[in-house]
Amino acid sequence: MNPIFSVLLFSLVAGLALAEKSDYCLSEIVRSDERIRSHGYPTETHEVTTEDGYVLTLFRIPYSHKLKNQNEKRPPILLQHGLFSNSDCFLCSGPDNSLAYLLADAGYDVWLGNARGNIYSRNNVLISLNSHKFWHFDWHEIGTIDIPAMIDYILADTGYDQIHYAGHSQGTTVYLVMLSERPEYNALIKSGHMLAPCAFFEHGTSFIFNALGPLVGTPGGIWNQLLVDTELIPHNNLVNRLVDNSCHLSNSICNNAFIMFANGGYVNANASSMSVLIETHPAGSSSNQGIHYLQLWKSLKFRQYDWGTKKNNELYGQDLPPDYDLRKITAPTHLYSSNNDALCGPEDVKTLVANFPHLKEDYHVPVQSFNHLDFIIARNMKELVNDPVIERINSYEDF
């Protein structure tokens, strides 16, 4: 067997097998706040408890030590990670390239969110982590509950009336869910920035769609029943060390461990950024999040979770789950997409644009090889993505 696939397969199997037995310790990894502090930036850690009991960790860079602007106007911005990820994705390329640091140095109050179920948000005041009920959620709940709770907390803490938002991958999906399902939050968004926007998947070319879509993309199948409400690809020390050691042994294994999922090659990838990312990735998620995405690929729709006809009627009052109504999104929103994205590619972004009547901008990264993960680990992401994002955010402010 190809050694790359061997590492990935072992990581997945070992991770699932040890999910309930491995009580990994956050003290053994470099946390987001420690990473921020190591570069000289001030940092704070905040906890937000959602209406259904999940305790979410927010890391904050309140100001820039370079600007010493702690007594000046600092508009807040929330950065939200993708699937299997956490706040480290906006930090892993260091102060010169990562969006979180660049925004702090541009004068913003930067908040880094962590969705329920990842390594920084694994507590619930009502449910045990070891219960399947803990994992009974998908990105719909992250969009309708977690992100609104974060926004409410940040605005209350900072005293601002509006917040900027930037998300990558699933971080874009939950933004679309929030503003379509809870449209009152449109008024709280000063500007939204979607990196690798994910809503429609008809043209996705990643192997993951054809490999797993037929198995779990339709409700009721045996694989669907086995996987629902479980932790998917959890982070634990054994798998973490295995992948980390593989990176030291072979850049090819390290590169492909991530690129196999997202596809598209690694011509732009920064190997150092990838090594840092692997320290806390995969970060844990509910299996329902992945299943929901595969349902979208199967149905060609951007809609709520499909539980099967009987439960759909109980929950939604109809046989099929309802579509998310993108017409309800009125907050000024910018898309940033790339041609080589195998998960959320250009044809599917076109579908999103066609169904998004109030979209502010559809920006395309001007490099053909730029892929889904390049938005957070590319050597050239500052010039191609982060600088344009900050330029657009600045246009909403009067510094």
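Asp-341 sits in the loop that runs between strand E10 (333–337) and helix H13 (346–354); helices (H or I, at least four residues) and strands (E, at least two) are DSSP runs, numbered from the N terminus. The model is predicted, with local features needing pLDDT of at least 70 and side-chain atom pairs counting only at pLDDT 80 or more, while totals for chains, interfaces and linings use all residues. Residues are numbered from 1 along each chain as its sequence is written, and side-chain values use heavy atoms, with hydrogens and water left out.

Asp-341 counts as buried because its relative accessibility is 5%; buried means under 20% relative accessible area, exposed over 50%, and partly exposed in between (1.4 Å probe, protein chains only). Neighbours within four places in sequence aside, Asp-341 is in contact with Ala-196, Pro-346, Phe-370, Asn-371 and His-372, where contact means heavy atoms within 4.5 Å. A polar atom of the Asp-341 side chain lies 2.9 Å from the backbone nitrogen of Leu-343.

UniProt, in an unreviewed entry, places the feature "active site" at Ser-169, Asp-341 and His-372. These residues span 204 residues in sequence, yet no two of their C-alpha atoms are more than 10.6 Å apart, so they gather at one spot. The UniProt positions follow the numbering used here, feature names are shortened, and annotations may be inferred rather than shown by experiment. His-372 is in the loop between strand E11 (361–364) and helix H14 (374–377), and counts as buried because its relative accessibility is 3%.

Another buried position is Met-150, in helix H4 (residues 139–158), with a relative accessibility of 0%. Beyond its neighbours within four places in sequence, Met-150 is in contact with Leu-56, Leu-58, Leu-78, Gln-80, Gly-113, Asn-114 and Ala-115. The C-alpha atom of Met-150 is separated by 9.0 Å from that of Thr-49, although the two residues are 101 residues apart along the chain.

Helix H6 (207–216) and helix H7 (222–227) are the elements that give two or more residues to the nonpolar patch, and H7 supplies the largest share, four residues. Ile-222 is found in helix H7 and counts as exposed because its relative accessibility is 57%.

Technical notes
Polar contact = N/O pair within 3.5 Å; in protein donor to acceptor, adjacent residues only side chain to side chain.
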